[in-house]
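Here is a short note to read beside the model. Keep the 3D view open and find each residue as you go.

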Amino acid sequence: METSRAQWLNQSWLYLKRILIVNAVFIVIGSLWRGAFLLYYGNSKELAQLHGDVFKAFVLGARFDSTVLFYINAIPFLILFLLSLLAFWKGFEPLLKKVFSRFVHFLIPYYTFMLLLVTFISAVDFGFYSFYQDRINVLIFGFFTDDTTALIKTMWRNYPIVWIFLGLGAFTYCLWKGLKINFTQGKEWIPLNVRKVSYPLFVLFFFAVFLFNGIGARGSLGLFPLSEMDTGISKSIFVNHLCFNGTRAFSRAIELKSLQTSKWDSNLRHYGYGDNAAQAFADYYQIPVEQVPADPLELMKHKTPKNEWAEKTRPHVVILTMESLGAYWFKYNEGDFDLLGDFKKHLNEDTYLTHFLSSTNATIGSLSCLMIGSPQRPISEFLTESDYLQVPFRSSPARVFKQAGYKARFLYGGNPGWREVNKFAFMQDFDAVEGESEIAEGLGGLKDKHDWGIYDEDVFDYVFKTLSEAKDPQFLLTMTTTNHPPYQLPLNYKSPELKIPEELKSRLIVDATLARQRFATYRYSTDKLAAFMERLKKISTERQSDCCSYG
């Protein structure tokens, strides 16, 4: 039995080493594939000043590639761990011999199929990008929902399909042969004297291998696993695309497609109109159906009176969207529960509108609707996670302001790759999308960060700097992220004591500690918002004074 165990340990080490060799080779292949993607689709003029970002994209891309490989490794590593447990009992010795004699016959076809599947998806992703300028997304399923025959004919005419499949065939043969050589030939290597190592230690070792493989598949030790959100590393949307890979993009598309329950006319059908959109407009506007124009959207057009002051002055326009800063809590603001602080003064001094609702209960839904100047359709997916991700809406405020000579920018206090909002913003004609990396660079570094990005005060500093240095009128759509679980605060901020009213305390469904953290973060956000508004008003007053002094 001792000899059998030694043989098992020998084989286990050998399989582990050679699985890791396969992983290393495919990391290199993935980098070469990313290099081909860069050479084929990259714009040399655009990338000339972005060498650092391109390098980051290759490093991050290798991390994404490794997550795919770690998922593939999960089954073989689980088998090795389970076999390590069975090695303690003599009754399982025949089974161990049988499994190990055939394990290689599992590994070769398994890795051939999985790696070929990854390669095929990568090839599809390469072609998909040539048409959509995006990695695989939910539009890939249009292959089945549109005219599939026509799409096949189009691909046949536009792509060398025969050569592509011949290449995949040759690759499959080389892959099979390479894996066969890797798993069946070569000198065995044992890093330790297995007879001097306790078997419980080896069980723990293979359990650790399986555990670390799971962490590797997650791609991160942070709060969030490695995802498309992490691809927002550059001002260049192409560099951000370069980070990702086809397999992860395809899995993301499957996830989003599985969540989709609506079609473009789901609302009409839900409310009993079937496909009669004209009748829906007639009922809403209380007009005869004959008066509904061929393009019913004409009824929704509304033109405001000409504003000569705005046309002459061309003021900057800033929309601050602050995470979870709802006005519901305002009514509890009194005495020792001072949530508003100095911000209350601005509510009293300025125009404060209350008769509106957010487009959705989710941040991404409301934010994407602000980008197109339209509310979210009921019974529909968030725009950034639907077929409308790459649709340019004519109602986009960015497009309207640009036509008036403004520069339109979207500033996000986190990674703008979150829920692919950066892609959606560019599609809606924003000139620039700037996130935590650009803000940190613009401010010369950051002292502190939280799990979702950068603190509100840094976002406001960057907005103020942007407006102060701007030579053209700016339209800034800005999103802050601080007031979000897990409710973290900067180390240099001292939160005032907030005594929760008994009436409110009795209605809270969270524990007291979390509630206090939430209200402290809320107060932080209102404090920084008040300070930002104070700075804006001060500089505005100074400029008006200068104007009057100098005529």
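1. Which residues form one aromatic cluster? They are Trp33, Phe37, Tyr40, Tyr41, Phe126, Tyr129 and Phe238. Bear in mind that this is a predicted model.

2. Phe37 also has a charged neighbour. The charged end of Arg135 sits over the Phe37 ring, 4.4 Å from its centre. Look for a second case at Phe464. There the charged end of Arg535 sits over the ring, 4.0 Å from the centre.

3. The count of aromatic pairs comes to 37. One of them joins Trp329 and Tyr332.

4. Now turn to Phe410 and Phe430. Their ring centres lie 6.4 Å apart, with 65° between the planes. Planes over 60 degrees apart count as edge-to-face, so this pair is edge-to-face. Phe410 lies in strand β2 (residues 407-412), while Phe430 is in the loop between α17 (421-427) and β3 (432-434). The pair therefore ties together parts that are 20 residues apart in sequence. Both Phe410 and Phe430 are buried.

5. Is β2 enclosed or open? Five of its six residues are buried, so β2 is largely enclosed by the rest of the structure.

6. Check the partners of β2. Six bridges join β2 to β4 (residues 474-480), and these strands run parallel. Ala408 has Phe475 of β4 as its bridge partner. Three bridges join β2 to β3, also parallel. Here Arg409 stands opposite Ala432. From β2 the chain crosses through α17 to β3, and this β-α-β crossover is right-handed.

Notes: Residues numbered from 1 in each chain as written. Predicted model: local features only at pLDDT ≥ 70, side-chain atom pairs only at ≥ 80, totals over all residues. Heavy atoms only, no water. Phe/Tyr/Trp six-rings, centres within 6.5 Å; stacked < 30°, edge-to-face > 60°. Helix = DSSP H or I, 4+ residues; strand = E, 2+ residues; numbered from the N terminus. Buried < 20%, exposed > 50% of the residue type's maximum accessible area, 1.4 Å probe, protein only. Lys NZ or Arg CZ within 6 Å of the ring centre and 35° of its normal. Pairing = 2+ DSSP bridges. Right-handed = clockwise from strand over helix to strand, strands pointing away.
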